[in-house]
Structures are given as C-alpha cells and as structure tokens.
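Please keep the model open while you read.

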Amino acid sequence: MKNLTRHTGLLRIIKRLPQSTNGNARFLVTVDGWTCCTAVDSDVADDVKNFKDKVVEAVIGTHYGKATLDSLVLKQEAA
C-alpha cells in the first residue's frame, strides 16, 4: 500500500461490494469526505460493520491506483 494518509471522521457505508472469491465481505465507504473501498479478504471489513456511523480514525492508501482502507480505529467520544 502506498501514499498512506490518516483521516478522522464519521464512517459511512455507501454500498456493499461483491464478496471475494473466499466469501469475505467488501464495502465502499466514506470517511471525512474521502471515499475508499476495503481490500479483498481483509479483516477491516469486519470493523466497518462494527463501526458504521461512528467516529473513527482511518488510514487510507492507494493499492493498484485505487483508494483502499488500510485500518480503522474507533475514536473515544468525549463524555
């Protein structure tokens, strides 16, 4: 993965993409105005389902010229 950038914002699922040949979920998401997809057969897709509509810190990079979600961390909300 190249050109990694870090973004903090609300995680929104735009749509579910066709699953991988191994049956793992894939998503097209947006974070802080940046649109990206989950990588094939990555564990990040499980985090996307769990962190939907929550504030996250996302690392987005390019993989074969396509914006791809590298990692997600749930941000603690202030009390």
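## A guided look at the fold

Lysine 75 is partly exposed, with a relative accessible area of 33%; this class covers the range between buried (under 20% relative accessible area) and exposed (over 50%), using a 1.4 Å probe and protein chains only. The model is a predicted one, in which local features need pLDDT of at least 70 and side-chain atom pairs count only at pLDDT 80 or more, while totals for chains, interfaces and linings use all residues. Residues are numbered from 1 along each chain as its sequence is written, and side-chain values use heavy atoms, with hydrogens and water left out.

### Charged pairs

Lysine 75 has a charged partner in glutamate 57: they form a salt bridge with the closest N and O atoms 3.5 Å apart. This pair links distant parts of the chain, since glutamate 57 sits in strand β4 and lysine 75 in the segment after β5, 18 residues apart. Arg6 joins Glu57 and Lys75 in a network of salt bridges. A salt bridge here is a side-chain nitrogen of Lys or Arg within 4 Å of a carboxyl oxygen of Asp or Glu, and by this rule the count comes to 4 salt bridges. Side chains of opposite charge can pair when their charged atoms come close.

Three of these pairs are set out below.

| Aspartate 46 | Lysine 49 | 3.7 Å |

Aspartate 53 is partly exposed at 40% relative accessibility, and arginine 12 is partly exposed at 43%. Lysine 49 and aspartate 46 are 3 residues apart in helix α1, so about one helical turn separates them. Lysine 49 counts as partly exposed at 43% relative accessibility, as does aspartate 46 at 40%.

### The barrel

How do the strands come together? A closed barrel of 5 strands runs β1-β2-β3-β5-β4, with mixed pairing. Neighbouring strands of this sheet are turned by 55° against each other on average, direction ignored; the axes behind such angles are lines fitted to C-alpha atoms, for helices over the stretch in contact, with angles running from 0 to 180 degrees between N-to-C directions. Helices (H or I, at least four residues) and strands (E, at least two) are DSSP runs, numbered from the N terminus, and two strands pair if DSSP finds at least two bridges between them.

Strand β1 (residues 2-17) is joined to strand β4 (residues 55-63) by 7 bridges in the antiparallel sense, with alanine 58 in β4 as the bridge partner of histidine 7. β1 also pairs with β2, antiparallel over 6 bridges, where leucine 11 stands opposite valine 31 in β2.

Strand β2 (residues 26-31) then pairs with β3, antiparallel over 4 bridges. Leucine 28 has cysteine 37 as its bridge partner in β3, and valine 29 has cysteine 36. The hairpin of β2 and β3 has 2 residues between the strands, and in it aspartate 32 takes a positive phi near 55°. β3 and β5 run parallel, paired over 2 bridges; here cysteine 37 has threonine 68 in β5 as its bridge partner.

### Core and a buried threonine

Which residues have the most contacts inside the largest nonpolar core? They are Leu11, Val29, Val48, Leu69 and Leu72, in a core of 15 residues. The elements giving two or more residues to this core are β2, α1 (44-50), β4 and β5 (66-74). A nonpolar core is a set of buried Ala, Val, Leu, Ile, Met, Phe, Trp, Tyr and Cys residues joined through side-chain atoms within 4.5 Å.

Leucine 69 touches, among others, Val29, Thr38, Val48 and Ile60, not counting residues up to four places away in sequence; contact means heavy atoms within 4.5 Å. Threonine 38 lies in strand β3 (residues 34-38) and is buried, with a relative accessible area of 0%. Leaving aside neighbours within four places in sequence, the contacts of threonine 38 include Ala25, Phe27, Val48 and Leu69. A polar atom of the threonine 38 side chain lies 3.0 Å from the backbone nitrogen of phenylalanine 27.

How values were computed:
Polar contact = N/O pair within 3.5 Å; in protein donor to acceptor, adjacent residues only side chain to side chain.
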